[in-house]
Amino acid sequence: TSRFHVVTKVYELAQPFSFFLTKVAGIADKYNSTLALDIKDILSADMGNLVASCQFNYMFDIPWLVQQYPKEFRSKPLLIVHGEQGPSKTTLEAEAIDYSNVRFCQAKLEMLFGTHHTKMMLLQYDTGMRVVIHTSNLIKQDWHQKTQGIWISPLFPKMAKPSATEGDSTTHFKRNLLEYLSAYKAYQLKDWINNISEHDMSTARVVIIGSVPGRHTGDQMKSWGHMKLKRVLQQHGPSNGVVKNWPVIGQFSSIGSMGANKEAWLCGEWLQSLSAATGGTTLSSVPLLKLVFPTKDNVRCSLEGFPAGGSIPYSINVAKKQMFLHDFFHQWRSEGQGRSRAMPHIKTYLRPSPDNQKTAWFLVTSANLSKAAWGALEKKGTQLMIRSYEIGVLFLPKFFGGKDLFDVSSNFEMLKSSTDVFPLPFDLPLTDYIKGKDRPWMWDIPYMDLPDTNGNIWCPG
Ligand SMILES: O=C(O)c1cnc2c(S(=O)(=O)O)cccc2c1O
């Protein structure tokens, strides 16, 4: 079957969530069919006749990226939104010297240690536009043998009369997207901002959870990062009575410094937001927190071998200051999706039921477990300090048929046959670290005792 039919089939079948994983080279075909996409599927003419596109990301290989577009689209205007500064900005721009259709927009990074993590595509067709929010860098290796997440919007048709306020969804998708783009204060985004206001985005069912650098106060404090997620969960989330004994799961591929103990930020601030619910959260029950982060052996035995760890940048200098964090860790395991050996670069957060059959919500985002991404409260909780640009989409049952909960599964057979089970990227129940054996993957120490999948050892530095 031609790529086009596959994409059409994939797109129709995966409704209503439109949440995909990336295709993985080297696993059985059945795990790469209905719920998996490659970048070429996203950019294919079957999704629309491209007129122009805008690619937000952290890492770019411009020549490789241009090649991922169908050849008839490779000379369409392409705006690259990045966070490079100084020499690395010059290097990036030099990569595009042969592509007169490529333009650049440098995202302001005025907060120290901030990065432009956001991974988003704005795709303008002759018949409307699509928004894609995902977790992969625009380099070949991020689309080869990792587990990555993709949300693709419906086709948003053009409106007769442009309007920044009309044509929005019940989840305020259009307003939140315009707020996010306006926060760059970049003249290169003006045309895309106008373009978006000309489209009807009322069919969007996800809620945007974005982060932009700054010290956000007043209403802005609840527009970004974990405070946005908290407000949305308090307004549209599960009722506290249902979820009060349910765990929160965080799954990510990098970790910032959490401070001296779990009360400092992780459980005292961040978890308070992720465990928010309607009807207020009874302070007594601090919810169970479970984290998913690959072990050294998960990486060693992965399809890529130790080099997979080059995209899992957990430093021993950060790890040794927060050993408390590792008590929350569980292995990366995705037997149901055939991706136990496709290391995670996806970042996901959810509130699953104790019996692992349901979740109250699901978030896929660029945000790792760090204060830089989610924000840290300052000045007695009157301002939220965020260092980086991030974006993710939140799936709430309320906006998918008015249900209370999603059925969930990572089992491919189950997912293939039923379209209203939410496709989890990894298996529940989670798999513990083996006591006394497993250690979290750290990318800047050597591993020379056992060979990886390719028979190699790991000697960084
Ligand atoms: O996808 C991203 O946004 C992202 C950001 N940073 C990374 C780093 S590092 O900048 O933290 O050293 C090292 C390796 C992979 C990274 C990555 O994949």
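In which strand does Phe329 lie? The close-up views below, taken from a predicted model, include the answer.

View 1. Phe329 belongs to strand S14. This residue is buried, because its relative accessible area is 3% and the term applies to values under 20%. Leaving aside residues up to four places away in sequence, Phe329 touches Phe252, Ile255, Leu291, Phe293, Tyr314, Tyr433 and Pro440. Gly250 stands 79 residues from Phe329 along the chain, and the C-alpha atoms of the two are separated by 9.5 Å.

**View 2. The second largest pocket.** This pocket has a volume of about 400 Å³. Its lining is made up of 20 residues, and those nearest the centre are His326, Asp327, Phe329, Tyr433 and Lys435. At least two lining residues come from each of strand S13 (289–292), helix H11 (316–319) and strand S14 (329–330). Sorted by class, the lining of the second largest pocket contains ten nonpolar, three polar and seven charged residues. Phe329 and Tyr433, both listed here among the residues nearest the centre, also touch one another.

**View 3. The largest pocket.** The space in the largest pocket amounts to about 820 Å³. It is lined by 33 residues, of which Thr115, His117, Ser254, Pro313 and Asn368 are the closest to the centre. Helix H12 (residues 371–374) contributes the most to this lining, namely three residues. The lining of the largest pocket comprises eleven nonpolar, 16 polar and six charged residues.

Notes:
Residues are numbered from 1 along each chain as its sequence is written. This is a predicted model: local features need pLDDT of at least 70, side-chain atom pairs count only at pLDDT 80 or more; totals for chains, interfaces and linings use all residues. Side-chain values use heavy atoms; hydrogens and water are left out. On a 1 Å grid over the protein atoms alone, a cavity is a set of points where a 1.4 Å probe fits but cannot get out, and a pocket is an open set with protein on both sides within 12 Å along at least five of seven lines; lining residues have an atom within 4 Å of a point. Grid points are joined across faces, edges and corners, and a volume is the space filled by probe spheres set on the points. Helices (H or I, at least four residues) and strands (E, at least two) are DSSP runs, numbered from the N terminus. Ala, Val, Leu, Ile, Met, Phe, Trp, Tyr, Cys and Pro count as nonpolar, Asp, Glu, Lys and Arg as charged, and the others, Gly among them, as polar. Buried means under 20% relative accessible area, exposed over 50%, partly exposed in between (1.4 Å probe, protein chains only). Contact means heavy atoms within 4.5 Å.
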